[in-house]
Amino acid sequence: MLSIGWRNLKRDRLRLCVAVLGVIFAVVLVTVELGMLLGLVRNASMLIDDSRADLWVSTVDVKTFDFANPVEQRKRYLIEGVAGVERVEEFNASFSSWKLPSGGNMNVQVIGFDVRGQLAPPLELSAGRIEDLHNRDAVIVDESELSKLGHPKIGDLVEIIGQRAEVVGYTRGMRSFTTAPFIFTSLRRGEQYGYLTSIGWQSRRPAVYFLVKVGAGYDVETVRRSIEAHVSNVEAHTRAGFSMRTRKYWLLETGVGLGFLGASILGLLVGGVILSQSLYAMTLEKLPEYGVLRAIGASMRDLGRVVVEQALICGVLGLAIGIVISAGLQAAANSAGTAVLLPWQLVGAVAFVTTVMCMLAALASIHRLRRLEPAMVFRT
Amino acid sequence: MLEKIIEMHRLGKRYGAEGDATAVWAVRGVTLSIYAGQVTVLMGPSGSGKTTLLSMIGGLLSPTEGWLSVCGQVLNGCSEPQREVFRRGSAGFIFQSCNLLAALTAEENLRVALSLRGDDEGRAQDLLKLVGLSEKAQAYPAELSGGQRQRVAIARALAGHPPVLLADEPTAVLDAEQGRQVMALLRKRAHEADTAVVVVTHDPRVRDFSDRVIEMEDGELNRIIRRLRKTVFPGRTRPQPGQAGLKHSLSEGEVRHVST
């Protein structure tokens, strides 16, 4: 049968535009909200995911990467003694304070790692060299956070909790989940610059995390359990497990995830209602025509197909335009330093959700058509 | 001998539930036969039950009581899907306001009907030719005159070769000339294709194109009038003039009065 749905839409362009706008609204809101959420989630666990460690060892009950406590240095030797452990490196993450040129302070997250090591996440540098971190007081900051840090240039001297530091390079796309910018530095400088590691621990040189490489032929999970069994008061996490724990913390325990999800659902509801109303109005206007189709032998399924076809056409148009707009917004957001991710899985999920939304939006019209008496054709 | 294609016995339709004080019998106690190859006109004042009777014949409404058979299919107690199948195969409908699908061209309107009725969509052009509108195939309903729209509607009703054509006030919105053209088309179809054409109308001019006129009042048959055909069709038995109409639920065998 001819595509009556498409022809009806083509003829009623105003309603088509309104319906498609409704879908675009929903698609853009859902895509950008979820894209931002994915960006935030990625940032939250980026240093874990990008690391080359098989295991992360921390104090017990660490809920997220950002809020860890120091582990005594001597535990490193105990970990190294566990069967299957090939290599252990320290990794520090601690909040601190960056003195701004204006005289104010900016909270920062100091990341200290073994510059010669193999297990820390690699830095993607847009300026400077990683070797420069060997220099005294050298730090690297992310280019997207420069405005927060008072626009430091390479070679500028700055102050972190009263101690001298020199900016030697910029990273690209390495933003923290918290609003505190990452400050990358060497392990020892990190101990001095971080609140956690600098206060009262000098004599014992604490570490916040130990990164562990498991030897070839050893099962990561077995080694993880062995570390917890042989070393007291530490918790060993697989990289994926620690990444998930960190993401879960930010998404679920802080309510951030629910906020984004709520906004997405709201977008779907508003878009769905706009689409549903447009389809319903179109259906009411065309009731005599639907009545004729019923009279000449069309089944309810045939009529339902017309409405669903209209809904899906609006959905496909709205989805295509909405994704293009979302991609534009993503580019704009990323260039402004806000991470918005649009992986194909997200686009696929949005397409699926949009399809479901369209089908649901068609229900009101289909319900109305179910009550249509074919005999009404003789009264109109 | 004329073939009885539509038969009904003490047929009734009530709107509203049984025992409900507001329930109304739109049609009651109608016993009637309608023949293939004839134009049968249902006349009567508004509210006399003509359209309800037409709707029951077309399988659009279920009878409340009595018995109704169209093309050999008993429609009493049919489910909606069964009536759907009946409508698809046995009845063509023509409406007062044409009700063509506004977003489709004349040809596309016919293709939809042909497709629904399992007929070859390529016949759309033939149907348009039949109603003399070949050149308007690509015109949208809004671009056609009232008479042209009604002719497209007739072509649509002919999709699938239904043995019964049901028309509700087909000339109501047409001027005299267009009305004549439409009725001539329906009569030609009835006589040449052996189709039973049932027309509900208030328009007295339609009588001139009818073989039989049935008058209704208050949901009941009031009078049946047989008209002489001006043309004799070979191989067919012409209905005999000089029979009658009768108050209240007349059957063919009860005719008392004749009018031509």
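Start with one pair: the side chains of A:Arg294 and B:Glu80 meet in a salt bridge, 3.0 Å from N to O. A salt bridge here is a side-chain nitrogen of Lys or Arg within 4 Å of a carboxyl oxygen of Asp or Glu. Between chain A and chain B the count is 3 salt bridges.

Some housekeeping. This is a predicted model, where local features need pLDDT of at least 70 and side-chain atom pairs count only at pLDDT 80 or more, while totals for chains, interfaces and linings use all residues. Residues are numbered from 1 along each chain as written, chains are lettered from A and ligands numbered from 1 in the order written, and side-chain values use heavy atoms, without hydrogens and water.

How many residues of each chain are in contact? For chain A it is 25, and for chain B 30, with contact meaning heavy atoms within 4.5 Å. The buried area is about 2,500 Å², and carbon and sulfur atoms give 63% of that. That is accessible area lost on putting the two parts together, with a 1.4 Å probe, summed over both.

Now the surface patch. A nonpolar patch, including A:Leu14, A:Phe25 and A:Ile265, has about 900 Å² of accessible area together. Its residues have over 30% relative accessible area and no salt bridge, with nonpolar side chains joined within 5 Å; areas are Shrake-Rupley, 1.4 Å probe. Helix H2 (13–50) and helix H8 (256–285) of chain A each give two or more residues to the patch. H8(A) gives the most, 7 residues. Helices are DSSP runs, H or I, of at least four residues.

Technical notes
Patch = residues over 30% accessible without salt bridge, like charges linked within 9 Å, V, L, I, M, F, W, Y side chains within 5 Å.
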